[in-house]
Amino acid sequence: MKIPEIIIVEVLHQPGSLAKVLQVIAEEGLVLEHLSALRREQGRTLWEITLEMDEDANRTLYERIDQLPTARFVGKSDRVFNRHRGGKIRTVSRVPIATLNILRDVYTPGVARVCLAIKADPRKIHDYTSIDSTVAIVTNGTAILGLGDIGAAAGLPVMEGKAALFSELADLSGVPILLTTRDADSVVATICAIEQSFGAIQLEDFAAPECFEIEARLREKLDKPVLHDDQHGTAVVTLAALLTATRRLGRSLRVSSVGQIGLGAAGTGIVRLLRAYGVGRVLGADRNPRAIERIESLGAEGATLDDIMARCDIVIATTGVKNLIPADRVRPGQIILALSNPESEIDPLEAMQRGAAFAADGQGVNNVLAFPGLFRGALAAHAPRFTDAMLIAAAEAIAQMAGEDLVPNPLDKQVHERVATAVMAAAMQPVAMGEAGTPEPT
């Protein structure tokens, strides 16, 4: 698995010194992800170099850099760890508590008046608490990123990251909730026991097939938005990328043949949303026969990887298997989305060199473009649940903001505002499409 490795190198401040270091890196077959100068003094520059390196990659790179007459390997940077140190989120007061009068208003005795008002009219909880801007981010750690079943505690940095993105991109408060249980009954019961604290529930990194049952049951029990982001957030951004690609190519997505390789949470969610959008021909490949049965219940067809590469105009992969797609199977004009993180099923550049019309990986087509605006819009509309119309509206909004790229910059806050507005509008329309649910596990 490729995880960024950040090294510190000191070079003489003279022409060609840094170039020689970069040449060593290139000869090791490594990809340079980021380069920045930390400081310059006494004729030397200290550089921070971020590389894509497999965990088992040969570290003789450091010795080779040290052997250069104009460079010295200093060590590894703690930049990533420093940005996580102490956690990435905190709860702060919206009201400055500067006087005893304010203290008594926001706490005792004044708060009692608000408590009694909500008891008399429960709807006032929306006026006098933060519930409409608070999302529970719930995981049991069974499918964390590309790392797999590493447990809820090890997944907490991911949940904090989601909360930070909610805050920064959509002005929402995300609260990580870690569950130690893997049993669907216990997960559902626990979330139902705490749901009154939150305006919406985001399910995060639950493994398939339990994730389908958990989400379906929570939708039935709770009168508030519930979304399994790995399914529906990924599906929304995938649909957005395909809308951009097909429109630029002058094709109709609905009449294109689409192949989905990998039918876990993300793959099944993509198939489900494409069918809801109106794509007539969707093929799916997975080693698990039950996964094939799930997508067949949605009107898709079971297939193999070879079938999909040979027959489909669009190929999407969410398997977590590096280099699964052979480059020589790419056909000219295909759209290839290899979405596994951190390593994709085929390098997008290689797919383009083989004739793909568009190609992207999960770093570019990422659900961070979807979930902040989805929840902001749903909460603003007081929607009781997510519908297909809301998901499709989000995808269309993302596609409209793409500019020259396949999808827009996820740090562009206007994108998230546009998504939220589109989702809110769709939520307030009469229901014309079904709920954004998942097929029952077989």
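Trainee: How many helices and strands are there in the chain?

Mentor: The chain has 17 helices and 14 strands, where helices (H or I, at least four residues) and strands (E, at least two) are DSSP runs, numbered from the N terminus. This is a predicted model, in which local features need pLDDT of at least 70, side-chain atom pairs count only at pLDDT 80 or more, and totals for chains, interfaces and linings use all residues. Residues are numbered from 1 along each chain as its sequence is written, and side-chain values use heavy atoms, with hydrogens and water left out.

Trainee: What share of the residues is buried?

Mentor: Of the 442 residues in the chain, 48% are buried; that term means under 20% relative accessible area, with exposed over 50% and partly exposed in between (1.4 Å probe, protein chains only).

Trainee: Turning to the rings, how many aromatic pairs are there?

Mentor: There are four aromatic pairs. Rings of Phe, Tyr and Trp (its six-membered ring) pair if their centres lie within 6.5 Å; planes under 30 degrees apart count as stacked, over 60 as edge-to-face and the rest as tilted. One of the pairs, Tyr 62 with Phe 73, is stacked, at 4.4 Å centre to centre and 10° between the planes.

Trainee: Which parts does that pair tie together?

Mentor: Tyr 62 belongs to helix H2 (residues 60-66) and Phe 73 to strand S4 (residues 71-76), so the pair ties together parts 11 residues apart in sequence. Tyr 62 counts as buried at 10% relative accessibility, and Phe 73 is buried at 17%.

Trainee: And why is the pair of Phe 166 and Phe 375 called edge-to-face?

Mentor: Because the planes of Phe 166 and Phe 375 are at 85°, with the ring centres 5.6 Å apart. Phe 166 lies in helix H7 (residues 152-170) and Phe 375 in helix H15 (residues 371-380), so this pair ties together parts 209 residues apart in sequence. Both Phe 166 and Phe 375 are buried.

Trainee: Which residues make up the cluster linked by ring pairs?

Mentor: Phe 166, Phe 371, Phe 375 and Phe 386 are linked into that cluster.

Trainee: New topic: where does Arg 254 lie?

Mentor: Arg 254 lies over the face of Tyr 277, 3.9 Å from the ring centre. A charge sits over a ring if NZ of Lys or CZ of Arg is within 6 Å of the ring centre and within 35 degrees of the ring normal.
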